[in-house]
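Visitor: Please show me the structure. Then let us talk about charged pairs.

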Amino acid sequence: MEVTKIVLTGGPCAGKSKAINSIKKHFEESGYNVIIINESATELINSGIKPFGENRIDPYSFQKIIFDYQLMKERILGNSTFGNKKDTIVIHDRGIMDNKAYLEEQDFNRLLREKRKQEIFLLERYDAVAHLVTAADGAEQFYTLSNNSARTETIEEARALDLKTKLSWLGHDYLSIVNNSHDFNYKISKTLNIIENTLKKEKLKQQRKFLLDYKYVNNLFSTYPHKTFYIEQQYLPTEDNIYRFRKKTLNNCSSYTVTLEQLIGTSKKIILENHKIDEKKYYNVTLDNFDNMYAIQKERNFVLYDNQYFKIDRFKNDLCLLEIDWSSLNKLPIDIPIIDDVTDRDDYYNFMLSKKFK
C-alpha cells in the first residue's frame with residue numbers, strides 16, 4: 001500500500017473546489033482511497049479567526065496559526081490510512097508553502113526560525129504540486145467572490161496573489177501549472193492527468209533541452225523570477241539501468257534522493273524508482289561505491305515565465321543547459337540566449353557529462 005501526497009494550489013477563484021470533487025470521484029472509482037485535507041485558511045476564517053474585518057488579528061499571527069494547524073492536519077490525516085489496504089492519495093487543498101505567498105520574505109524566514117523548520121523540507125514533503133491559475137488571469141469573465149466568503153481579492157489582487165503562490169513553490173521538482181488557455185473541463189482533465197502521471201509506478205520523462213550562451217544567462221535571471229539550488233548527482237551504472245543519487249541544497253540545508261533510471265536517449269528516460277533517503281545512506285552508498293561512480297555538480301535555477309516552469313543548469317567550464325518538460329513547453333522568452341537545441345544529443349545528458357568531467 002502506497003501513500004501519494006498531492007498539493008492542489010493556485011490563486012483565488014482557480015477552480016480548486018470543483019477540481020477536488022472531480023479528483024475524489026475519479027480516483028475512488030479507479031480503486032484508490034482518497035483523503036482530502038481542506039484549506040486551513042478558509043476553515044479558520046469561517047470559524048471567526050481572520051486577518052481582516054472586526055476582531056482581526058495581524059497577518060503574521062494568522063500565518064503562524066495556519067502553519068501549526070496545517071502541519072497538525074497533515075500529521076493526523078496525511079500520515080494515517082486508518083487500516084485501509086488500498087493505495088491512498090492525499091489531496092492537500094493548499095500546502096504549507098502557500099504561507100509564503102501571504103508574507104514578506106523576511107517574515108516567512110522569521111516564521112521558519114521560530115518553528116525550527118527548513119524550507120527545502122517543507123517544499124519537498126509532497127510528491128507533486130498542481131497550481132491552478134486564477135480565473136482572473138485569462139478567464140476574467142468567470143472570476144467571482146460569491147462562492148467563498150473567505151475571498152476578498154479584486155481581479156488585480158488575485159493576479160498578484162496567484163504569482164506569489166507560484167513563486168512560493170519554485171524549486172519543487174514536480175510543480176505543474178494549469179492555465180486558462182482552454183475551458184474549465186480541460187483544466188480538470190489536465191489536473192487529473194498530472195495526478196495519474198504521479199501515481200504511475202514507472203514514469204516516462206520527456207524533456208526538451210537547449211544549450212545556452214553562458215555570457216547572457218545572468219541577464220536572464222535579473223529579468224525572470226527564479227530560485228537557485230545547488231545539486232550534486234552521483235551515478236552508479238548497472239548492466240541495464242543507472243542509479244542516480246542526488247543531494248539538493250538550499251540555504252545550507254540538503255535533501256537526498258535515489259532514482260533508478262532507464263535511459264532512452266537524452267530526451268527520454270523511464271523513472272523506475274524514486275524515493276527519499278537520509279544523509280547517512282547517501283554518503284555510505286557513494287563512499288562504498290566510489291570507484292564505480294560518476295559525479296557532477298551544478299547550480300540549478302528554477303525559472304518562471306508566462307505560466308511556464310523550466311530549469312537552467314550551470315556546470316563548470318561555463319556550460320549552461322535549459323530543460324523543460326515536453327508537456328509544459330509553450331513558448332520560451334525571446335531573450336533566452338539559445339545556441340542550439342540539444343534535445344537529441346546524448347552527450348548533453350547529465351550522466352554523459354559526469355563521465356566527461358571525471
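**Salt bridges**

Guide: Arg-300 and Asp-313 join their side chains in a salt bridge, 2.7 Å from N to O. A salt bridge here is a side-chain nitrogen of Lys or Arg within 4 Å of a carboxyl oxygen of Asp or Glu. This is a predicted model: local features need pLDDT of at least 70, side-chain atom pairs count only at pLDDT 80 or more, and totals for chains, interfaces and linings use all residues. Residues are numbered from 1 along each chain as its sequence is written, and side-chain values use heavy atoms, with hydrogens and water left out.

Visitor: What is the relative accessible area of Asp-313?

Guide: Buried means under 20% relative accessible area, exposed over 50%, partly exposed in between (1.4 Å probe, protein chains only). Arg-300 counts as buried at 3%. Asp-313 is buried too, because its relative accessible area is 1%.

Visitor: How far apart are the closest N and O atoms of Lys-248 and Glu-124?

Guide: Lys-248 is buried at 2% relative accessible area. Glu-124 is buried at 10%. Their salt bridge puts the closest N and O atoms at 2.9 Å.

Visitor: Which residue forms a salt bridge with Asp-98?

Guide: Asp-98 is buried, with a relative accessible area of 3%. A network of salt bridges links Lys-16, Glu-39, Asp-93, Arg-94 and Asp-98. At 2.9 Å, N to O, the side chain of Asp-98 meets that of Arg-94.

Visitor: How many salt bridges does a search of the whole structure find?

Guide: Side chains of opposite charge can pair when their charged atoms come close. For the whole structure, the search gives 29 salt bridges.
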